[in-house]
Amino acid sequence: MITGKNYIGADLSSDSTVSFKTFNPLLNIENKTTFFEASDSEIQKATKLAHDAFRVFKLVSAKQRSEFLIQISEELKSISDDIINIYCSETGLPEGRCKGELGRTINQLLSFATLLKEGSYQEVSIDTPLPERKPMPKPDLRKMLMPIGPVLVFGASNFPLAYSTAGGDTASALAAGCPVILKSHPMHAGTGEVVSSAIIRAAKKTNMPNGVFSNLNSKGIEVGVKLVNNSYVKAVGFTGSLKGGRAIYDLASQRSHPIPVFAEMGSVNPVLIFPKKLQKEYSELAIQYAKSITVGSGQFCTNPGIIISFKSDYFDLFINKLVQEIQEISPSCMLHPNIYNSYNLGLQKIKKNKNVSELTSYSDKYENNFPRHVISRVSAEKFIEDKCLQHEIFGPCSLIITCQDEEEILKVIESLDGQLTGTILAQDHDTFLSQQIIDTFELKVGRIIFNGVPTGVEVCSSMTHGGPYPASTDSRFTAVGINSIKRWLRPVSYQDFPQSLLPDELKNDNPLNINRIIDGVVTREGDSHFENT
Ligand code: NAP
């Protein structure tokens, strides 16, 4: 049963009188359950519990943390029907999408569980001492990555499972040894509570300290603001709009003790199409891109928001086919009236821009929360002049940019803000496809794709889901894949420590049997390496 309460560690709590309901966008009605926003005292209790739990949790072995993550995945599987019911009623998304996202959530948890057993994520390095070195002896130095402390995770609106309660940010933070305070997304508070109950049960079954996870409800931004400012919080994970992410980043840096914010924000994911590719495949590409722009009603951070090519008859044929295809695809329900309204507002803004022309046209009216699929067009010159045309319009639309020549395409790429992805559609030796274009494009993006679509983010260690600002607040990290654990770790060096006081990872005998870099060489060696030092 969904209670509408907050999880303060393992306890359900509802101090506050501020309440709200979630919304079923498919039926266009409110859902029944009343949710209670976290009060100031609940925020304080949850963060203090996380602070206290951290002292214990950081000492829990990687193997036990791995068992905790596996148990969460088991608990999620055991309540999958409940999750599907509430997920669908709070998002308007179909059951198939829920099952896919739940599968991804479970696989993410399991991939971190595997990583923990293997151990290399801690980047252990040992430099043996040189006591006779002149003029100064070299000390014994041993370094490893340590958990940063309690992490505040903002549930994402567009991924109620995979980037919310037990999603990538939570899984990576728990794997790192950091307790999580989850600021539940108000649009899917029920899904958040059901998933939280699975995490709490897993924590109890695997003897994790109380406070290792809390789930706090919010009606508006205030709870998030208080949490970012809370001194027990040591880092933040966020997925959402540039406006929200930037506000949180600014708040965190204004604290008396600033903390890192890993925000993954808006992106328009530019696509460059080259002439030979177009000539050969304009029709197939148009069909492929109509699907990519409209999948999930365009509510993906990797949605292809701008498509760039050279003025040519084949580009015109591509555009015509794209417009025809996208108009024929039936619209699908957006996540929430607010997202639907903000999509329409974004479209209205570009419609008012006299340099932009809409190519799609519709005679019939659509139902609430079912968006129009829109293709618009602008010249490269006007695109470069107007930074507003680079703002993400979250939904099923794309802007076509026509360039006159290679020089102009370079100028367009140079004018781009940071992006999560950039895509090149070309044949191997396509006209105008130069190393200079690739190098310039690569500077702007976190992932560069050759002949594909940007939608669909593989969860694996080679994935970068991040990019130069404003795609993310720190382009050195990824939000997807096992390397996302690095966001919640900080390096600590131990100098001249006695063996008995070192963490196991740094001891000579390598009791955890993990890979370490000793004097510059990767090895699993233990005592034998140190015999002559
Ligand atoms: P959002 O406005 O960025 O909000 C995300 C979360 O951040 C919410 O939980 C919100 O809290 C919180 N928040 C927002 N502004 C804040 C502030 N100034 N201070 C503290 N917390 C703040 O995104 P959303 O409401 O989930 O979705 C709306 C828009 O975000 C979409 O239309 C789309 O443009 C964009 N979006 C982009 C992506 C992407 O991956 N690029 C993903 C999802 C959404 P409350 O909910 O409690 O108010």
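Trainee: How do the residues of the shell around the ligand divide into nonpolar, polar and charged?

Mentor: There are ten nonpolar, eleven polar and three charged residues in that shell. Here Ala, Val, Leu, Ile, Met, Phe, Trp, Tyr, Cys and Pro count as nonpolar, Asp, Glu, Lys and Arg as charged, and the others, Gly among them, as polar. Before we go on, this is a predicted model, so local features need pLDDT of at least 70 and side-chain atom pairs count only at pLDDT 80 or more, while totals for chains, interfaces and linings use all residues. Residues are numbered from 1 along each chain as its sequence is written, and side-chain values use heavy atoms, with hydrogens and water left out.

Trainee: Got it. Which residues around the ligand come nearest?

Mentor: Of the 24 residues around the ligand, Lys183, His185, Gly220, Ser241 and Cys301 come nearest. A residue is near if one of its heavy atoms lies within 4 Å of the molecule or strand in question.

Trainee: And what lies 2.6 Å from an oxygen atom of the ligand?

Mentor: That is a polar side-chain atom of Ser241. Met265 places a backbone N or O atom 3.1 Å from a nitrogen atom of the ligand, and Glu392 has a polar side-chain atom 3.1 Å from a nitrogen atom of the ligand.

Trainee: How much of the ligand's accessible area does the protein cover?

Mentor: The protein covers 85% of the 870 Å² that the ligand has on its own. Such areas come from the Shrake-Rupley method with a 1.4 Å probe; for residues, only the protein chains shown count as cover.

Trainee: Which elements give two or more residues to the shell?

Mentor: Those are strand S12 (235-239) and helix H8 (242-254). H8 gives the most, with three residues. Helices (H or I, at least four residues) and strands (E, at least two) are DSSP runs, numbered from the N terminus.

Trainee: Which domains does the shell draw at least three residues from?

Mentor: From each of domain 1 (6-16 + 46-118 + 144-265 + 479-486) and domain 2 (270-450). Those bounds come from an automatic or database domain assignment.

Trainee: Changing topic, how many salt bridges are there in the whole structure?

Mentor: The search finds 21. A salt bridge means a side-chain nitrogen of Lys or Arg within 4 Å of a carboxyl oxygen of Asp or Glu. One of them joins Glu75 to Lys205, with the closest N and O atoms 2.7 Å apart. Glu75 lies in helix H2 (residues 62-78) and Lys205 in helix H6 (residues 189-205), so this pair ties together parts that are 130 residues apart in sequence.

Trainee: Is Glu75 buried or exposed?

Mentor: Glu75 is buried, at 5% relative accessible area, whereas Lys205 is exposed, at 55%. Buried is under 20%, exposed is over 50%, and partly exposed is in between (1.4 Å probe, protein chains only). Glu75, Arg201 and Lys205 are also linked in a network of salt bridges.

Trainee: What about Lys321, which residue does it form a salt bridge with?

Mentor: Its partner is Glu325, with the closest N and O atoms 3.2 Å apart. Lys321 and Glu325 are four residues apart in helix H10 (residues 313-328), so about one helical turn separates them. Glu325 counts as buried, with 16% relative accessibility.

Trainee: And where do Lys382 and Glu385 lie?

Mentor: Both are in helix H12 (residues 380-385), three residues apart, about one turn of the helix. Lys382 is partly exposed, at 27% relative accessible area, and Glu385 is exposed, at 54%.

Methods. Polar contact = N/O pair within 3.5 Å; in protein donor to acceptor, adjacent residues only side chain to side chain.
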